[in-house]
Amino acid sequence: MCQHQPPCPTADSADREAALLVAHHPEQGWSLLCNGVLLFEDTGELLPDGRIIAPHRPVAMDVMTAA
């Protein structure tokens, strides 16, 4: 699998998105990470074992500033 030093996080790790890019196709909306995770532009993921991680975009919060 990963030949990087230090090794990339595995697909089961909480920090799996920190793995290095192997292929990047922004025109198609996806990237392949070194650990086999397909990362989609909507922040969804497809793990190598077929599990799906739903998109997890941060929730925008409207902040009002007093003038």
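## Basis and terms

Strands are DSSP runs of E with at least two residues, and helices are runs of H or I with at least four residues, both numbered from the N terminus. This is a predicted model, in which local features need pLDDT of at least 70 and side-chain atom pairs count only at pLDDT 80 or more, while totals for chains, interfaces and linings use all residues. Residues are numbered from 1 along each chain as its sequence is written, and side-chain values use heavy atoms, with hydrogens and water left out.

## Strands 1 and 2

Strand 1 covers residues 21-25 and runs antiparallel to strand 2, with four bridges joining them; two strands count as paired if DSSP finds at least two bridges between them. A23 lies opposite L32 of strand 2. The two strands make a hairpin with four residues between them, and G29 in the turn has a positive phi of about 85°.

L33 belongs to strand 2, residues 30-33. L33 is buried at a relative accessible area of 3%, where buried means under 20%, exposed over 50% and partly exposed in between, with a 1.4 Å probe and protein chains only. Not counting residues up to four places away in sequence, L33 touches R16, E17, A19, L20, L21 and V22; contact means heavy atoms within 4.5 Å. Its C-alpha atom is separated by 8.5 Å from that of A18, 15 residues apart along the chain.

L33 is also one of the seven residues of the largest nonpolar core, together with C8, A11, A19, C34, V37 and L47. Such a core is a set of buried Ala, Val, Leu, Ile, Met, Phe, Trp, Tyr and Cys residues joined through side-chain atoms within 4.5 Å. With residues up to four places away in sequence not counted, C8 touches C2, A19, L20 and C34.

## Strand 5 and the segment after it

I52 is in strand 5 and counts as exposed, at 67% relative accessibility. F40, L46 and I52 make a nonpolar surface patch of about 270 Å². Patch residues have over 30% relative accessible area and no salt bridge, and nonpolar side chains (Val, Leu, Ile, Met, Phe, Trp, Tyr) are joined within 5 Å, like charges within 9 Å. A salt bridge is a side-chain nitrogen of Lys or Arg within 4 Å of a carboxyl oxygen of Asp or Glu.

P55 is in the segment after strand 5 (52-53) and is partly exposed, at 48% relative accessibility. Leaving aside neighbours within four places in sequence, P55 is in contact with D42, T43 and G44. The C-alpha atoms of P55 and G44 are separated by 3.8 Å, the two residues being 11 apart along the chain.

Technical notes
Accessible areas come from the Shrake-Rupley method with a 1.4 Å probe; for residues, only the protein chains shown count as cover.
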